[in-house]
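Please look over the sequence and the structure shown here before reading on. The briefing that follows is grouped by topic.

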Amino acid sequence: MADIIDGKAIAEDVVAKVKTQTATLAEHGVTPGLAVVIVGEDPASQVYVASKSRRAKECGFHSVQHSLPAETSEDALVALVEELNADPAIHGILVQLPLPGHIDEARIIQTIDPDKDVDGFHFINVGRLGTGALDSAFVPCTPAGAMLMLERVRGRDLSGLSAVVIGRSNIVGKPMANLLLAANATVTVAHSRTKDLPALAATADILVAAVGRPEMVRGDWVKPGATVIDVGINRIPAPEKGEGKTRLVGDVAFAEAKERAGAITPVPGGVGPMTIAMLMANTLTSAFRTAGLEPPAF
Ligand SMILES: Nc1nc(=O)c2c([nH]1)NC[C@@H]1CN(c3ccc(C(=O)N[C@@H](CCC(=O)O)C(=O)O)cc3)C=[N+]21
């Protein structure tokens with residue numbers, strides 16, 4: 001039976017370190033500032049944004065939230081981002097995705113100052129990560145959090161280990177593959193066009209599922225003893241809890257996979273809480289850099 005990697009507990013460790021380091025920065029007269037921008041009223045997005053703002057306040061940050069109506073124009077959003085770019089009290093800018101269909105997401109992301117891009121989505125940060133310039137990059141929060149969880153089991157150096165990442169998104173799959181490569185793993189990125197995915201997955205010492213398909217990865221896809229990182233967060237109907245109720249599941253069939261894995265992350269309580277903790281870590285890092293100080297390692 002697998003060890004369960006407790007994302008909530010590791011996230012608390014990260015946040016504790018952020019709080020301590022925020023106090024250190026205060027001695028230099030600096031308060032980390034995070035601006036979260038949300039456009040439209042998607043209820044799930046509202047919940048995530050609220051917990052980001054709550055965490056930021058808990059860390060002692062200057063935390064601002066901009067909630068804009070769904071019909072906000074692209075130009076108005078660009079103007080807000082430019083205002084935040086120019087605001088010296090703001091070290092991190094997060095524009096919650098997805099944006100309404102009439103707004104060009106790529107244009108918004110590329111408008112964010114790369115040195116305030118705590119999501120790590122700007123071309124400059126993608127390039128920094130891709131070339132191994134990790135001391136100037138912002139690494140996307142979800143894969144950064146996944147790597148810290150993996151480190152608890154496998155250490156920092158993954159030499160000799162094979163990793164299979166299922167999913168090739170810009171926000172998880174691709175940056176995750178780059179981080180695993182930077183840690184010396186032998187990395188394969190699989191996706192919907194991959195031939196015999198179950199057989200490929202079963203070769204992985206480290207299996208990362210980031211596809212957004214509820215419980216797609218079955219128990220027999222898991223190599224015995226493998227470390228399984230489940231990045232999926234899927235809300236599915238749960239009639240057993242009552243009419244109209246839902247529950248969260250990952251991309252991995254947890255009950256099956258935990259019988260074969262050596263260690264596995266749960267959903268909820270796995271990568272999700274780590275994502276928010278790493279957003280705090282990235283914002284802190286940004287404030288240290290702006291102050292000309294060496295940021296702490298996480
Ligand atoms: N620019 C941008 N950056 C993001 O990082 C970003 C985004 N847009 N858009 C939406 C996704 C989603 N996301 C989550 C963060 C935490 C949990 C989380 O803490 N989940 C809890 C459960 C929460 C619940 O009960 O719904 C858990 O897994 O235990 C989930 C999802 C960040 N995202």
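UniProt positions are given in the numbering used here, feature names are shortened, and annotations may be inferred rather than shown by experiment. This is a predicted model, in which local features need pLDDT of at least 70, side-chain atom pairs count only at pLDDT 80 or more, and totals for chains, interfaces and linings use all residues. Residues are numbered from 1 along each chain as its sequence is written.

**Record and domains**

- An unreviewed UniProt entry lists residues 140-288 as "domain: Tetrahydrofolate dehydrogenase/cyclohydrolase NAD(P)-binding".
- Over residues 140-288 the chain is 34% helix and 19% strand, where helices (H or I, at least four residues) and strands (E, at least two) are DSSP runs, numbered from the N terminus. The end C-alpha atoms of this stretch are 18 Å apart.
- For residues 5-119, the unreviewed UniProt entry gives "domain: Tetrahydrofolate dehydrogenase/cyclohydrolase catalytic".

**Surroundings of the ligand**

- The ligand is surrounded by 17 residues, and the closest are Gln96, Leu97, Pro268, Gly272 and Thr275. A residue is near a molecule if its C-beta atom, placed from the backbone, lies within 6 Å of it.
- Two or more residues of this shell come from each of α2 (43-58), β4 (92-95) and α10 (271-290). Helix α10 gives the largest share, four residues.
- Domain 1 and domain 2 each supply at least three residues to the shell.
- By class, the shell holds twelve nonpolar, four polar and one charged residues. Ala, Val, Leu, Ile, Met, Phe, Trp, Tyr, Cys and Pro count as nonpolar, Asp, Glu, Lys and Arg as charged, and the others, Gly among them, as polar.

**Helix packing**

- Helices α6 (residues 141-154) and α7 (residues 173-182) pack at about 40°, with their axes 8 Å apart. Axes are lines fitted to C-alpha atoms, for helices over the stretch in contact, and angles run from 0 to 180 degrees between N-to-C directions.
- Helix α6 is therefore oblique to α7: angles under 35 degrees count as roughly parallel, over 145 as roughly antiparallel, 65 to 115 as roughly perpendicular and the rest as oblique.
- The crossing of α6 and α7 is right-handed. A crossing is left-handed if the near helix is turned anticlockwise from the far one by less than a right angle, and right-handed if clockwise.
- The axes of α1 (residues 7-27) and α10 come within 8 Å and cross at roughly 15°, so α1 is roughly parallel to α10. Helix α1 passes α10 in a left-handed crossing.

Note on methods. Domain bounds come from an automatic or database domain assignment.
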